[in-house]
Amino acid sequence: MSIELIIGILEIILIATTPLVFAGIGELVTEKSGVLNLGVEGMMLVGAVTAFVTLVITGNYFFAFLISILSGVIMSGLFAILVLFLMSNQIATGLALTIFGIGLSSMLGKEYIGTPIDGLSPWFFVIFSFVIVFFISYFFYKTKMGLILRAVGESHNSAHALGYSVIKIRFLSILFGGSMCALAGSYISICYAPMWQEGMTAGRGWIALALVVFATWKPERVLIGAYIFGGVTILQMNLQALGLRFPGQFFSMAPYIATIVVLVLISSNRLRIKLSAPASLTIPFYKGR
Amino acid sequence: MIKFITFIATFLVFAFGSAKAEPKKVGFIYIGPPGDHGWTYMHDVGRKYMESQLGDSITSTYIENVPENADAVRAIRKLADSGHDLIFTTSFNYMDQTHEVAKDFPDVKFEHATGYIQADNVATYSARFYEGRMIEGHIAGHMSKTGTIGYIASFPIPEVVRGINAFYLAAAKVNPDIKMKIIWVFTWYDPGKEADAANTLINQGADIIVQHTDTYAPCQAAQKAGVFAFGQASNQEEFCPDAHLTSIEDIWGPYYADRAKAVVDGTWSSGDTWDGMDKGMVVMSPYNTKLMPASLIQEAVNMEVGIKDGTLHPFTGPIYNQAGELVVPDGEVAPDGMLLGMNFYVQGIDGEVPQ
């Protein structure tokens, strides 16, 4: 194996994994505050389509990403209002958000399917994805705000009793998660595979959700998990292209199996769940109770 | 009395007239969105052509993005339940689901694309895409400088394996040292993964990308890397003008119009249709004159003529399998039965078909 080949493989792994890191870290922050948002896939799709359409109309990459992130804020804001103020069930609302996002993105993008655009180099975003993970890790474990956010996710009643605004913190966490998912989507439609196609995220939102569990709610582990997933996917492609006889199907499903194994392992021990999962995850917060 | 007769006559005209004009309903099940500019797009082009040909005698609907699992049963049943007379299920892996629903609706006609099992009310139809693969292989043999072809395959079904073999046989005839690198992505539709596969193949030295997946992401990746590519299912030149050599286009319209007309006329019967270039079901996109020498384009056009008049067949013996056994004797062509069930690589291709 030549050094160019290895560098090439690493480049492809980095490009392919970055959207998972963005969506995974966004969802992690949301879940750390005690809210489970299953709408990742839908928000990614809406982020992808708004970025693409904005780019086609304005020709400006900056606006494209800005509008996309704004769309993520709006989508997740809608979710936040429903689950935080109207106390709707988080799981059902999140699923509805995904279904809504799939439909909305298809509708918004109908006229723009097959419009050719010039893709943007992915490298800025690849580096940014590492920066954001280390920033979030620092934020959680080295800052007071991070501690408060985690406290809200662990026990909202205690946090409330101490005078922290549970609703406000959760709202902001959800918006952050939404904007990261939209960023992941816009990265896909503008850098990774520069085009708009309905449903083009092809299930990456669900993988991001699984990654958060796989990472047992730790930021650096989201990064590691994402790279295990991306790495296995790209490496098995390389092995196939080298003509090695090996079961490609197995490696296609390997990351999913790994997630299930981790799920089984952490759920087999109640203490381990308590140590890792935010204790108030999916539990609605009623003020004054 | 005359008034009464007029009344009755008017009544009859209205009653039977309107009954006669009741349009037949034609439904389609799509694996992807009609906007994929690939497989599903071409089925939708076919559907629209059918509508334009038959006018008011039919109406048509489609359900898009139907996964190849139990969801497909629900989608097909939904169409059958809502009074559709003819239902096209346009992906190979809808086979069991189509037959499951067809059993419960003996009066509804079903057409399963690329399938091989028929029933009284289930016909199958497909196009001989491998004829186009032969031409692509010939072009690739001439155009590749590294002698390495990158092939993005979807699922290990005969249809895809046949395309790989037809491509390789033609390419190896031009350049016996040609190497094929094949990546199975186990999806029809995932622009990101398709781009990953293309980039992986290019990274490993392929300078021509062939795809059997549904979006133009591989062609785009080829354009970016400065190598050549063949599009899939529809003409994809506008997305990658500096890479796109040609595409195999699937032309379903005339078949759909034919079958819908048969339902309108009440002459529909089950059967198996497998047409190719001679019937216009498989068409090559305009060859890229900027990238290909005129002599090569002429050769490709001559091959089209040969395939159409039957003097040229992609699977003409001697053909050996990987174990070195003669599977098609010298001078003979592979029978359709062998082509339909093809699950082995021919001699010269590395690796093995995933089982």
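Trainee: How many bridges join strand β9 of chain B to strand β10 of chain B?
Mentor: 4 bridges join them. β9 covers residues 228-233 and β10 covers residues 244-250. The two strands run parallel. Keep in mind that this is a predicted model.

Trainee: Which residue is the bridge partner of A233(B) in β10(B)?
Mentor: E249(B) is the partner of A233(B) there.

Trainee: And what sheet do β9 and β10 sit in?
Mentor: An open sheet of 6 strands in chain B. The order is β7-β6-β8-β9-β10-β12, and the pairing is mixed.

Trainee: Which strands stand at the edges?
Mentor: β7 and β12 of chain B, the latter being residues 282-284. Each has a single partner strand, so one side of each has no neighbour in the sheet.

Trainee: By how much are neighbouring strands turned against each other?
Mentor: By 15° on average, with direction ignored.

Trainee: Switching to helices. How do α5 and α6 of chain B cross?
Mentor: Their axes come within 7 Å and cross at roughly 35°. α5 is residues 129-143 and α6 is residues 158-174. The crossing of α5(B) past α6(B) is right-handed.

Trainee: Which residues make that contact?
Mentor: From α5(B), they include F129(B), Y130(B), R133(B) and M134(B). From α6(B), they include F167(B), Y168(B), L169(B) and V174(B).

Trainee: What's the make-up by class?
Mentor: The contact of α5(B) with α6(B) has 11 nonpolar, 5 polar and 4 charged residues.

Trainee: Now the domains. What does the assignment give for chain B?
Mentor: Domain 1 is 22-127 + 252-275, and domain 2 is 129-242 + 282-340. Their centres, taken over C-alpha atoms, are 28 Å apart.

Trainee: How many residues does each domain of chain B put into the contact?
Mentor: Domain 1 gives 14 residues and domain 2 gives 15 residues. On the domain 1 side, the largest share is 4 residues, from helix α2 (residues 39-54) of chain B. By class, that side of domain 1 has 8 nonpolar, 5 polar and 1 charged residues.

Trainee: And between the chains, how many residues come from each?
Mentor: Chain B gives 32 residues and chain A gives 30 residues.

Trainee: Which elements give two or more residues on the chain B side?
Mentor: β7 (179-184), α7 (191-203) and α8 (217-225) of chain B. α7(B) gives the most, with 9 residues. The chain B side has 14 nonpolar, 11 polar and 7 charged residues.

Trainee: Where does N65(B) lie?
Mentor: In the loop between β2 (58-63) and α3 (70-81) of chain B.

Trainee: What about T114(B), what is its phi?
Mentor: T114(B) has a positive phi of about 60°, and T114(B) is not a glycine either. T114(B) lies in the loop between β4 (109-113) and β5 (122-127) of chain B.

Trainee: Is T114(B) buried or exposed?
Mentor: T114(B) is buried, because 21 other C-beta atoms lie within 10 Å and the cut-off for buried is 20 or more. N65(B) has 19 within 10 Å, so N65(B) counts as partly exposed.

Trainee: Last one. Which residues does the cis peptide bond join?
Mentor: G317(B) and P318(B), with omega about 5°. P318(B) is in the loop between α10 (294-309) and β13 (319-320) of chain B.

Definitions and conventions: Residues are numbered from 1 along each chain as its sequence is written. Chains are lettered from A and ligands numbered from 1 in the order in which they are written. This is a predicted model: local features need pLDDT of at least 70, side-chain atom pairs count only at pLDDT 80 or more; totals for chains, interfaces and linings use all residues. Two residues are in contact if their C-beta atoms, placed from the backbone, lie within 7 Å. Ala, Val, Leu, Ile, Met, Phe, Trp, Tyr, Cys and Pro count as nonpolar, Asp, Glu, Lys and Arg as charged, and the others, Gly among them, as polar. Axes are lines fitted to C-alpha atoms, for helices over the stretch in contact, and angles run from 0 to 180 degrees between N-to-C directions. A crossing is left-handed if the near helix is turned anticlockwise from the far one by less than a right angle, and right-handed if clockwise. Two strands pair if DSSP finds at least two bridges between them. A residue is buried if 20 or more other C-beta atoms lie within 10 Å of its own, exposed if 12 or fewer, and partly exposed in between; C-beta atoms are placed from the backbone. Domain bounds come from an automatic or database domain assignment.
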